[in-house]
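Visitor: Could you walk me through this one? I'd like to start with the strands and then move on to other parts.

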Amino acid sequence: MSMNTLTDFLEQAQCQSRVYDLGRIVQKIDNSEFQKVANNEQAYPYPIQQHAFLAITFWQVAAQKEHFVWFLKMPLDEQGLMKITAQTSFIRMVVEAMGENLTADVSDKTQERLASNPFVFKPSAEKLAIFNANMNSVFVRPASSFYPAVQAYFSGSIDNQDWQTLGFQGFADIAARLDYDDNQKKIIAALPTLPEQPLQTLCLCLENQTNISTELVEKIIEQAKQRLHNGQITTAILLLRAIASANAQGLTKQLLEAQFSSELLHNADWYITIAGRCWTQLQDETLLNRYFEALATHQQALFPQLFADLVAIPSLREKVLKQLRLTARSPALSQAIGLLFSGLKPTT
């Protein structure tokens, strides 16, 4: 049997698997969708800089062994398709290192050879903590040793100023377990008085979760408006990120639209956040146009980078390209688009 794709390899090794994107947010990719991606039947849905950043966890049910994980950075072609040649090269390197039994015990030397594979990448500590928390929750495994202290903090049994010893992993655990231990209620009660640092850490973990309750989303929006009013710009942006994946996308849109009438229009991180975390909101072509108009007016130097990022996302590509053909646009947007095609750098 030929093994040209990652899914071929996992199937031949008789492994079950789950695939997650780690590039933008930590999110599951359905196996059926990933098989189409691996077979070049569709573009990779969440590209960053012409690469797919993947976590593939796999296991053999019959062997009853632990789960294994590959963290892969796979190149994409100009159409966003995952390169078959790269997949084949990765497979060949793995087979050379350990054979076709992917769950066999491996020596330290073999581990070193696998780690030096050019398609392997090391996630940031934060992404790794979030991925581990999600995996433990999904597969009904215990949370980390950092979880009890963070849960006690949100329960109010620890003074809210005593956050310095809390581990990031514990915040990731509580975000991954919103439906357990009354965690959503505890977070809602704690939100109004949380210091900036633990609130920002919580936001970074919540942005990867879909099952945030409507009540919690509403309280996060209240905090976003309050913190912005207080001049806590970074926190206000992170509170938008916190609800980027929430099921209540209508509420996320309301907050985003409100922020278009704020001083955040002058903040580069806000535009980067929208492209990197809230890109699904830009499916609304009116909002997409508003975004590009504001970007061209207030952060023109970022325009080429963020335009290239958004046009590479398959679900947005046609809508982004349509913006180039609009006749009703501001002089600032016309100039930004002109510079995009000329290859010249903006002056601001």
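**Strands, core and pocket**

Guide: In this predicted model, Thr 57 has Val 69 of strand 4 as its bridge partner.

Visitor: How many bridges join strand 3 to strand 4, and do they run parallel or antiparallel?

Guide: Strand 3 and strand 4 are joined by eight bridges and run antiparallel.

Visitor: And what about strand 1 and strand 3, how many bridges there?

Guide: Strand 1, which covers residues 16-21, is joined to strand 3 by six bridges, and this pair runs antiparallel.

Visitor: Is strand 3 mostly covered or mostly open?

Guide: Strand 3 spans residues 51-59 and is mostly covered, with eight of its nine residues buried.

Visitor: Back to strand 4, then: is Met 74 buried or exposed?

Guide: Met 74, which lies in strand 4 (residues 68-75), counts as buried because its relative accessible area is 0%.

Visitor: What is Met 74 in contact with, leaving aside its neighbours within four places in sequence?

Guide: With those neighbours left aside, the contacts of Met 74 are Gln 50, His 51, Ala 52, Leu 54, Met 82, Ala 86, Gln 87 and Phe 119.

Visitor: Which residues have the most contacts inside the largest nonpolar core?

Guide: Leu 54 and Tyr 291 have the most contacts inside that core, which has 112 residues. Not counting residues up to four places away in sequence, Tyr 291 touches Phe 260, Tyr 271, Ile 274, Ala 275, Leu 282, Leu 306 and Leu 310.

Visitor: Changing topic, which residues of helix 12 are buried?

Guide: In helix 12, which runs over residues 249-259, the buried residues are Leu 251, Thr 252, Leu 255, Leu 256 and Gln 259. Viewed down the helix axis, these buried residues fall within an arc of 140 degrees, so they line one face of helix 12.

Visitor: What covers them?

Guide: The cover over the buried residues of helix 12 includes helix 10 (214-229), helix 11 (233-242), helix 13 (268-276) and helix 14 (285-298).

Visitor: Last one: what volume does the largest pocket have, and what lines it?

Guide: The largest pocket has a volume of about 680 Å³, and its lining is made up of 30 residues, of which Arg 24, Pro 47, Ile 48, Gln 49 and Asp 309 lie nearest its centre. The elements that give two or more residues to this lining are helix 13 and helix 15 (303-311).

Visitor: How far is Pro 47 from Met 74?

Guide: Pro 47 and Met 74 are 27 residues apart in sequence, and their C-alpha atoms are 9.9 Å apart in space.

Definitions and conventions: Residues numbered from 1 in each chain as written. Predicted model: local features only at pLDDT ≥ 70, side-chain atom pairs only at ≥ 80, totals over all residues. Heavy atoms only, no water. Helix = DSSP H or I, 4+ residues; strand = E, 2+ residues; numbered from the N terminus. Buried < 20%, exposed > 50% of the residue type's maximum accessible area, 1.4 Å probe, protein only. Contact = heavy atoms within 4.5 Å. Core = buried A, V, L, I, M, F, W, Y, C linked by side-chain atoms within 4.5 Å. Arc of directions from axis to C-beta. Pairing = 2+ DSSP bridges. 1 Å grid on protein atoms, 1.4 Å probe; cavity = no way out; pocket = protein on both sides within 12 Å on 5 of 7 lines; lining within 4 Å. Points joined across faces, edges and corners; volume = space filled by probe spheres on them.
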